[in-house]
Amino acid sequence: MNLKLKIWRQPNKEAKGKFEVYEVEATPEMSFLEMLDVLNDQIIEEKGNPIAFEHDCREGICGTCSMVINGQPHGPMGLTTTCQLHMRHFKDGDTIVIEPFRATAFPVLKDLVVDRDSFDRIIQSGGFVSVGTGQAPDGNSILIEQEVAKDAFDAASCIGCGACVAACPNASAMLFVSAKVAHLAYLPQGQVEASKRVKRMVHQMDREGFGNCSNTYACEAECPKGISVENIAKMNREYFSSVIGSQKK
Amino acid sequence: MIKLDAKIPEGSLAEKWKKYKSSIDLVAPNNKRKLEVIVVGTGLAGASAAASLAELGYKVKAFTFHDSPRRAHSIAAQGGINAAKNYQNDGDSVYRLFYDTIKGGDYRSREANVYRLAEVSANIIDQCVAQGVPFAREYGGTLDNRSFGGVQVSRTFYARGQTGQQLLIGAYQALSRQVSLGNVEMYNRHEMLDLVMVENKARGIVTRNLLTGELKSHAAHCVVLATGGYGNVYYLSTNAMNCNVSAAWRAARRGAAMANPCFCQIHPTCIPVSGTYQSKLTLMSESLRNDGRVWVPKKMEDVEAIREGSKKPTDIPEDDRDYYLERKYPAFGNLVPRDVASRAAKDVCDEGRGVNKTGLAVYLDFEDAIHRYGKAEAYSAGKDSEDGELVRKLGTKVVEAKYGNLFEIYEKITGDNPYVTPMRIYPAIHYTMGGLWVDYNLETTLPGLFCIGEANFSDHGANRLGASALMQGLADGYFVLPYTIGSFLSKEIKTPAITDDSSEFKRVIEEVKTRLENLLAVKGDRSVDSFHRELGLIIWDYCGMSRNEEGLKKGRKLLKELKKEFYSNVFVPGEMNEYNPELEKASRVADFFELGELMIVDALHREESCGGHFREESQTEDNEAKRDDENYTYVAAWEWKGEEEPLLHKEPLEFENVELKTRSYK
């Protein structure tokens, strides 16, 4: 299949970027990134400057790959990262527009590569249980209902890719932050620090320059792991009870 | 000249680690604050080590080439993590886990290390639960287990099909906590390109900032490598695209012995190759073999009909299917260890019975499991267990709950629905048991250089059992290295802070710079990837699932020719001082050439079959691997000699607690 690609090129953080047009020959079995590999091979053969994009595991779990494909983070297929998207979902003759994730808190570093360090800093602000190595009681001394374990797992399956931010008209990170808050708040192990955690993480999120949530649910729709906006509701409850709760905090 | 001293503590097997822990020299808290440790890699081993060392009070600098420490390839492990908890009351014990691991490794690993691994395995589960890792639970709220290939107890803990992800996020969060407390200085997007030795001690590394291209040296009292395996030497593997051997290989070039490099694990259940553009292979968790049955058609006419598309696998009647694992290995059936399952798949495909266009695929079929589970569900819900449609529906639900995400991955990649038609699978390189040689302290032959996780060679012998990689990575990082690193650091408490202004650091930076400039200066005509693909094919064809003398010699010759061409015809675009993934790849592929050659040398010298290493010259009458305990019960630790032949050092393996037996799964 013949494809026309309009790809965002930007040499570095400071430079102004622009779209450039490429043509590439793909097959339906290829993954989207393999199609870009083929294009880069072509560019290298012509001694050009290959397109920078991030990727690693290519099995949809590391969260490294990003890019906005035809206006959608990770492309048109639901519950699919860019690396798991295959060309059989496109047609011969299609024009595909490829851009980086765009958000103030995710500055573009080169072409399709963005800086997502802000996510790390949010986790560092409180997205953990403070338990040192060797301090743990026997695993079965903490009983957890199957349903609770399931809810915690669903929230914990976030891959930290940032598609939620890229999808949000306000570039809000509420889905990412709430997934971590909820994962740990569901579990008894996370209860002790729950109140401190949610305040700190929300505070850090605001400091990073992410926008506010206006309930468009675009984040959930584009999340390749199907993280639910219910986590945002859970985080809001946690937050309110931590700020106005009667306990001494 | 390298001298191997495994430093195995005295005493009975069960007492060694206990005694060691109570007799090792400690470092007082006020001194820990003055001692710096560099940890390279932030996968399970690296992140858990960096967090644990920082908790102890050491000053830690942690490095990853990823944009975040949460992305290492440990994240992709699906199936689970073993631990000798015996929660299922099915007869598991530390000894049994130890024994299974030694046997599974085909008696080519060190007893003392493996026993210690089994001992600390239970602590890992406790630690991860306390961190909030959402393991699967039983109805009563206790932890659930499943069984895995090569063993007869259920000791595998899991979090759906994403166990590696959940464990890594747990370790990442522990690491993040230490970063926030100022105990760990985190360097993202920094790739280690060399090791710096000062007065015969590992005192630092040279990194390249992958965003700016800046080369910089970092100094510390000791260095820990947690940089993973070298499976990507094969180009197509289940490893992530950026996995590489460079950190470990650079250490090898500085004098660290590389042990058993030819021991590579070929995983039996991966999605088969579909085209030449293919960039990587995707694993389907081994846990699928609990419920999936592996088969190919008995008749060649059926094989051909399937390839042409005139027949579907579901059209083949039961009697015309060859469930070859169940036939050949009735005791373990579909749950034989990975090396045995992989070779059996290769055998049936070599016979011409492979079921896709390339002839390199076998079926993994869930129809039986769907039926079995469906019947049980219908029965327990008081519904009609003879109603075929209902049974199918209920059974599908059970299978979905167990393996849903794996089935999704499969469907995304192949476009086939595995609930309806059997999966097609084929073996692919997955894990490397070989790695830097380490002693009981996990210290390499270079003083002050430690190596943990997949990057070292220590625990899996010639074959790793399923769900043991996560166990080893976390055991090393959480519970072993934090103790054993004291063996070195307790002698360093009077050493002032190491700085990077000595001539050694400057020299190594210059060497790295020259190396990269040389790659950029070739300006040839072929892309780095094209060389990597060709290298991978050479290693796969001649040093893959099955090896023989003639092939290995031919492979080595082809590799040398290709390496020569690489240095005269590779084209690396761009500059040194910029974000340049092609340059990163070129420097990694350059190291893969040297490692690849050493793998061949190692495979050639080991004239026996053991675990993942199958030498065609050494097989039994019924084509099973034939070990040669008399001549090869040792670790082959290689000293790199540059242009000269690598030098072999042997660490004899002494088995005081298990009897060496032919590994039979029949």
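Chain B holds an open sheet of three strands, in the order S3-S5-S4, with antiparallel pairing. This is a predicted model. Strand S3 (81–82) and strand S4 (146–147) of chain B are the edge strands. Each of them pairs on one side only. S4(B) is joined to strand S5 (residues 154–157) of chain B by two bridges, and the two strands run antiparallel. Look at Arg146(B): Thr156(B) in S5(B) stands opposite.

Another sheet in chain B has four strands. The sheet is open, and its order is S17-S11-S19-S20 (chain B). Here too the pairing is antiparallel. Strand S17 (435–436) and strand S20 (647–652) of chain B form the edges, each pairing on one side only. S17(B) pairs with strand S11 (residues 258–259) of chain B over two bridges, in the antiparallel sense. Within this part of the sheet, Gly435(B) in S17(B) has Ala259(B) opposite. Strands of a sheet pair through backbone hydrogen bonds, either parallel or antiparallel.

A helix covers part of this sheet. Helix H18 (residues 581–605) of chain B lies across S11, strand S19 (634–639) and S20 of chain B. H18(B) runs at about 145° to S19(B).

Next come the helix pairs. Two packed helices are described by the angle between their axes and the distance between the axes. In chain B, take helix H3 (residues 44–56) and helix H6 (residues 163–180). Their axes come within 8 Å and cross at roughly 35°. The crossing of H3(B) past H6(B) is left-handed. From H3(B), the contact uses Leu44(B), Ala47(B), Ser48(B), Ala50(B), Ala51(B), Ala54(B) and Glu55(B). H6(B) answers with Leu167(B), Leu168(B), Ala171(B), Tyr172(B), Ala174(B), Leu175(B) and Gln178(B). By class, this contact of H3(B) with H6(B) has 11 nonpolar, two polar and one charged residues.

The axes of helix H7 (residues 194–207) and helix H9 (residues 230–244) of chain A come within 9 Å. They cross at roughly 105°, so H7(A) is roughly perpendicular to H9(A). Ala194(A), Ser195(A), Val198(A), Lys199(A) and Val202(A) make the contact from H7(A). On H9(A), the partners are Met235(A), Glu238(A), Tyr239(A) and Ser242(A). The contact of H7(A) with H9(A) has five nonpolar, two polar and two charged residues.

Now step up to domains. Chain A is divided into domain 1 (2–110) and domain 2 (117–244). The centres of domain 1 and domain 2 of chain A, taken over C-alpha atoms, are separated by 29 Å. In the contact, 18 residues of domain 1 of chain A meet 16 residues of domain 2 of chain A. The domain 1 side of that contact in chain A has nine nonpolar, eight polar and one charged residues.

Chain B also has assigned domains. They are domain 1 (268–429) and domain 2 (505–627) of chain B. The C-alpha centres of these domains of chain B lie 33 Å apart. Five residues of domain 1 of chain B are in contact with five residues of domain 2 of chain B. Which helix supplies the largest share of the domain 1 side in chain B? Helix H10 (residues 338–350) of chain B does, with four residues. By class, the domain 1 side that touches domain 2 of chain B divides into one nonpolar, one polar and three charged residues.

Finally, consider the contact between the chains. Chain A gives 65 residues and chain B gives 63 residues. On the side of chain A that touches chain B, the elements that give two or more residues are helix H1 (32–45), strand S6 (108–110), helix H2 (117–124), helix H3 (146–156), helix H5 (174–186) and helix H6 (188–191) of chain A. H1(A) gives the most, with six residues. By class, this side of chain A has 26 nonpolar, 23 polar and 16 charged residues.

Conventions:
Residues are numbered from 1 along each chain as its sequence is written. Chains are lettered from A and ligands numbered from 1 in the order in which they are written. This is a predicted model: local features need pLDDT of at least 70, side-chain atom pairs count only at pLDDT 80 or more; totals for chains, interfaces and linings use all residues. Two residues are in contact if their C-beta atoms, placed from the backbone, lie within 7 Å. Ala, Val, Leu, Ile, Met, Phe, Trp, Tyr, Cys and Pro count as nonpolar, Asp, Glu, Lys and Arg as charged, and the others, Gly among them, as polar. Domain bounds come from an automatic or database domain assignment. Axes are lines fitted to C-alpha atoms, for helices over the stretch in contact, and angles run from 0 to 180 degrees between N-to-C directions. A crossing is left-handed if the near helix is turned anticlockwise from the far one by less than a right angle, and right-handed if clockwise. Two strands pair if DSSP finds at least two bridges between them. Angles under 35 degrees count as roughly parallel, over 145 as roughly antiparallel, 65 to 115 as roughly perpendicular and the rest as oblique.
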